[in-house]
Amino acid sequence: SLALFGAFALAGQAQPAFKVLVVDMQKLYDGHWQTEEQNAKLSHDQQTATEQLKQLNAEGTALVDQYKELDEQSKSPTLTPEARTKAQADAQKKYAEIQSKQNDVNTFQSNASRALQQRVQTFKALMLEQISNVAAKIAKDKGATLLIDKYGPTAIGVSNIIYFDPAYDITDEVMKELNKDRPPAPAIAAPAKTDAAAPAATTPAPGAAPANMPPTITVPGAKK
């Protein structure tokens, strides 16, 4: 009927014009000043953990050296039976200390790595939520009906978007809004002159976990 047709016509006119905008969420996360700040903190904490791990390893190596010395003493042909028994007991005790130190190394590395990973995941989840809210607001203000992340790949490994007009990319505008409250960078003192340049610190890759913990460092074992 004419009445029904008119109702559909009015409903169609009430629909807003379809407008799609795109944004690069990975670029926004990487370039956010809080991400850069967090990466610096994680890099520092990872370096501290690495130094502690090296100390544990050094302690373990010292125990192994002591064990080897006691083991050699227990094999000396000049020892009396009583002295040999005591040396063997001392060696066994030192070996138990080595095993305990090995457990300390493994536990410390596992806990440190897990803690750093958890911090990264928690921070990233919070930041992506904040970035999404800002991007959505800007998209709505521009009259968008759909905002698409152009970064993420599909299940077959290609981009979600094959083509888009750069005029519909609001990444730079969102980045500007996110970083408008960036605090001023602290003044950097001139480095002291040294005979040899110190190696530069490694900053974790943006958007990911900090640089990997060093490979599993084990206390050298010793055979009884």
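Glu97 is partly exposed, at 32% relative accessible area (buried is under 20%, exposed over 50%, partly exposed in between, with a 1.4 Å probe and protein chains only). Its salt-bridge partner is Lys94, at 3.5 Å from N to O, and Lys94 counts as buried at 15%. This is a predicted model, where local features need pLDDT of at least 70 and side-chain atom pairs pLDDT 80 or more, while totals for chains, interfaces and linings use all residues. Numbering runs from 1 along each chain as its sequence is written, and side-chain values use heavy atoms, leaving out hydrogens and water.

**Salt bridges**
- The whole structure has 12 salt bridges (a Lys or Arg side-chain nitrogen within 4 Å of an Asp or Glu carboxyl oxygen).
- Asp90 bridges to Lys86 at 3.0 Å between the closest N and O atoms; Asp90 is partly exposed at 28%, and Lys86 is exposed at 54%.

**Nonpolar core**
- The largest core has 16 residues, with Val23, Leu28, Ile131, Ile170 and Val174 touching the most other members (a core is buried Ala, Val, Leu, Ile, Met, Phe, Trp, Tyr and Cys joined through side-chain atoms within 4.5 Å).
- Helix 4 gives the most to this core, with 6 residues.

**Helix 5**
- Thr171, Val174, Met175 and Leu178 are the buried residues here.
- Those buried residues fall within an arc of 105° down the axis of helix 5, so they line one face (the arc is taken from directions between helix axis and C-beta atoms).
- Asp172 and Lys176 are exposed on the other side of helix 5.

Definitions and conventions
Helices (H or I, at least four residues) and strands (E, at least two) are DSSP runs, numbered from the N terminus.
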